[in-house]
Amino acid sequence: MASLHHPTASLQSKHVLIPRNALAQKPILNLSLPGTTFTPLKLKFGGGAIRLSHGASGARMSATAATSYATALADVANSNKTLDATTADIEKIDELFSDPKVSDFFADPTLDVETKRKLLDEIAESSGFQPHTRNFLYILVDAQRIDLVNEIAKEFELVYNSLTDTELAVVASVVKLESQHLAQIAKQVQKLTGAKNVRIKTLIDPSLVAGFTVRYGNSGSKLIDMSVRKQLEDIAAQLELGDISLAV
């Protein structure tokens with residue numbers, strides 16, 4: 001298996017038109033599992049060791065570290081031909097660590113590394129993670145960089161999209177759209193961007209009243225707005241009524 005050198009790394013995968021459901025089963029915070037041995041991964045980072053700092057420079061260093069870790073994991077997954085499976089792992093991890101109870105547990109300095117590894121074992125087993133994904137989490141805990149895991153997930157997605165020529169489109173709607181409608185949206189975004197693949201993410205936004213919006217492009221810079229809210233705002237502007245407050 002390709003190696004990840006500790007305290008960086010590149011990515012590739014095929015597209016996913018309809019986003020996977022994130023975490024089917026959230027692991028219980030039960031630390032009763034026995035410890036397990038694991039194959040060490042080596043994460044090789046350019047520019048030497050990553051150092052901690054404070055303020056704006058600290059934020060930049062954290063961003064650089066997140067990018068490096070994400071690229072390293074992507075290299076391993078790509079070489080193992082498990083990039084799609086690893087992407088699914090990262091999506092689950094991102095959702096899991098968005099829970100303050102989970103992030104606070106791993107940030108607790110009074111808990112030793114072995115205790116945190118035991119919980120990682122349980123999470124990995126219940127979620128069906130790839131072996132290198134589990135090992136990657138071990139590395140973050142050992143290096144005391146598990147606090148970067150959500151940033152790493154975002155960077156991983158960017159690397160994935162870049163290497164696979166994938167355009168990310170975020171579709172917001174009042175109700176959940178059917179898969180065939182999402183597929184049609186994906187085809188339209190593909191025509192507009194010329195991307196080889198289109199990956200759809202969905203979210204619910206009741207303020208749209210009806211219809212949907214699609215954000216794509218660099219950092220969601222382009223917008224297709226097919227919402228009733230937009231139509232009402234346009235009508236208000238034409239009638240010079242100013243902003244309309246809509247009761248949802």
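**Aromatic pairs, a helix crossing and a cavity**

In this predicted model, the count of aromatic pairs comes to three. One of them brings together tyrosine 69 and phenylalanine 136, whose ring centres lie 6.2 Å apart with the planes at 75°; an angle over 60 degrees counts as edge-to-face, so the pair falls in that class. The two partners come from distant parts of the chain, being 67 residues apart. Tyrosine 69 belongs to helix α1 (residues 55–79), while phenylalanine 136 sits in helix α5.

Three helices, α2, α5 (131–142) and α6, each provide at least two of the lining residues. The biggest share is that of α6, which supplies three. In terms of residue class, the lining has seven nonpolar residues, with no polar and no charged ones.

Two of the helices that line the cavity, α2 and α6, also meet each other directly. The axes of α2 (residues 83–96) and α6 (residues 149–163) approach within 9 Å and cross at roughly 150°. This crossing is left-handed. On the α2 side, the contact is made by Leu83, Asp84, Thr86, Thr87, Ile90, Ile93 and Asp94. Their counterparts on α6 are Val149, Asn150, Ala153, Phe156 and Tyr160. Sorted by class, the contact comprises seven nonpolar, three polar and two charged residues.

How values were computed
Residues numbered from 1 in each chain as written. Predicted model: local features only at pLDDT ≥ 70, side-chain atom pairs only at ≥ 80, totals over all residues. Heavy atoms only, no water. Axes fitted to C-alpha atoms, helices over the stretch in contact; angles between N-to-C directions. Helix = DSSP H or I, 4+ residues; strand = E, 2+ residues; numbered from the N terminus. Left-handed = near helix turned anticlockwise from the far one by under 90°. Contact = heavy atoms within 4.5 Å. Nonpolar A, V, L, I, M, F, W, Y, C, P; charged D, E, K, R; others polar. Phe/Tyr/Trp six-rings, centres within 6.5 Å; stacked < 30°, edge-to-face > 60°.
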